[in-house]
Amino acid sequence: MSVVQKNTSEASKWYLPGIMTGMGITFRHLVSNLVDNLTGKKKMITLNYPEEKHEYSPRFKGNHVLTVKKDGSLRCTACMLCATNCPAECITIVASEHEDPTVEKYPVKYEIDILRCVFCGFCEEACPVDAVRMGPEWQTPGLNGANFNYGIEHLAYRPQLKGGIATHVDDEERHKAGI
Ligand code: SF4
Ligand code: SF4
């Protein structure tokens with residue numbers, strides 16, 4: 001059992017010394033960073049976002065991508081393994097029979113509620129056909145709640161994936177781009 005010890009001293013009731021100490025440390029770092037940056041001793045680690053963006057490792061697990069075959073159709077066979085393994089239960093798949101007898105099933109709906117996703121990568125690990133991958137994109141802006149439910153159009157054909165549905169991105173290119 002853990003015990004929480006309260007500081008009951010009179011001095012602890014006065015917050016001003018603590019605030020002043022904290023502000024002093026912040027000011028000291030501000031001045032030393034400015035001097036180091038101006039003298040070229042050390043580069044400022046602050047980025048001017050959004051003009052400057054941090055480059056993450058290609059292994060970074062960011063926004064999802066549904067991969068496509070050369071003909072542009074989804075690789076996903078709607079086996080549900082990703083949705084079953086998702087700890088946040090944020091993947092919704094509706095499967096349908098395919099008109100091509102060589103394809104058993106395909107998803108008519110594949111949706112990820114990105115606000116519930118914890119970016120654990122279990123979906124990517126669970127997929128037996130490499131149909132869902134997590135890429136280097138980490139920005140998830142949206143103007144309303146609906147924008148955070150990523151459907152097939154977004155997951156497989158968004159413009160950031162080099163041209164959308166009109167361009168069929170080669171797997172090798174995807175690997176090189178880290179997606
Ligand atoms: S990254 Fe994790 S939480 Fe997000 S969709 Fe995949 S399995 Fe679910
Ligand atoms: S993305 Fe992969 S694991 Fe998920 S339903 Fe499609 S084939 Fe199955």
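This talk walks through a predicted protein model with two ligands, from its overall layout down to a few single residues.

Let me begin with the conventions. Residues are numbered from 1 along each chain as its sequence is written, while chains are lettered from A and ligands numbered from 1 in the order in which they are written. Since the model is a predicted one, local features need pLDDT of at least 70 and side-chain atom pairs count only at pLDDT 80 or more, whereas totals for chains, interfaces and linings use all residues.

First, the layout. The protein has five helices and five strands, where helices (H or I, at least four residues) and strands (E, at least two) are DSSP runs numbered from the N terminus. Read from the N terminus on, these elements follow the order α-β-α-β-β-α-β-β-α-α. How many of the 179 residues, as a percentage, count as buried? The figure is 15%, and here a residue is buried if 20 or more other C-beta atoms lie within 10 Å of its own, exposed if 12 or fewer, and partly exposed in between, with C-beta atoms placed from the backbone. As for contacts, meaning two residues whose C-beta atoms, placed from the backbone, lie within 7 Å, 67% of those between residues at least 6 apart in sequence join residues at least 24 apart.

Next, the sheet. Three strands form an open sheet in the order β2-β3-β5, with antiparallel pairing, and two strands are said to pair if DSSP finds at least two bridges between them. Because β2 (91–97) and β5 (149–150) stand at the edges, each with a single partner strand, one side of each is left without a neighbour in the sheet. Between β2 and β3, which run antiparallel, there are seven bridges, and Ala95 has Pro107 in β3 as its bridge partner. Strand β3, which covers residues 105–113, is also joined to β5 by two bridges, again antiparallel, and there Ile112 is partnered by Tyr150.

Let me turn to the core. A nonpolar core is a set of buried Ala, Val, Leu, Ile, Met, Phe, Trp, Tyr and Cys residues joined through C-beta atoms within 7 Å, and the largest one here has 18 residues, of which Leu66, Val132 and Leu155 touch the most other members. The elements contributing two or more residues to this core are β1, β3 and α4 (152–157). If we set aside neighbours within four places in sequence, Leu66 is in contact with several residues, including Leu74, Cys76, Tyr110, Val132 and Leu155.

Now to the ligands. Which residues are closest to ligand 1? Of the 14 residues that surround ligand 1, the closest are Cys86, Cys117, Cys120, Phe122 and Cys123; a residue is taken as near if its C-beta atom, placed from the backbone, lies within 6 Å of the molecule. The shell around ligand 1 divides into 12 nonpolar residues, two polar and no charged, with Ala, Val, Leu, Ile, Met, Phe, Trp, Tyr, Cys and Pro counted as nonpolar, Asp, Glu, Lys and Arg as charged, and the others, Gly among them, as polar. Ligand 2 is surrounded by 13 residues, the closest being Cys76, Cys79, Leu81, Cys82 and Cys127, and its shell holds 12 nonpolar residues, one polar and no charged.

Finally, some loop residues. Gly72 sits in the loop between β1 (64–66) and α2 (81–85) and is partly exposed, because 13 other C-beta atoms lie within 10 Å. The C-alpha atoms of Gly72 and Ala156 are 9.2 Å apart, although 84 residues separate the two along the chain.

Glu89, in the loop between α2 and β2, has a phi near 50 degrees, a positive value in a residue other than glycine. Phe119 also has a positive phi, near 50 degrees, and lies in the loop between β3 and α3 (122–126). The peptide bond from Tyr49 to Pro50 is cis, with omega near 10 degrees, and Pro50 is found in the loop between α1 (16–39) and β1.
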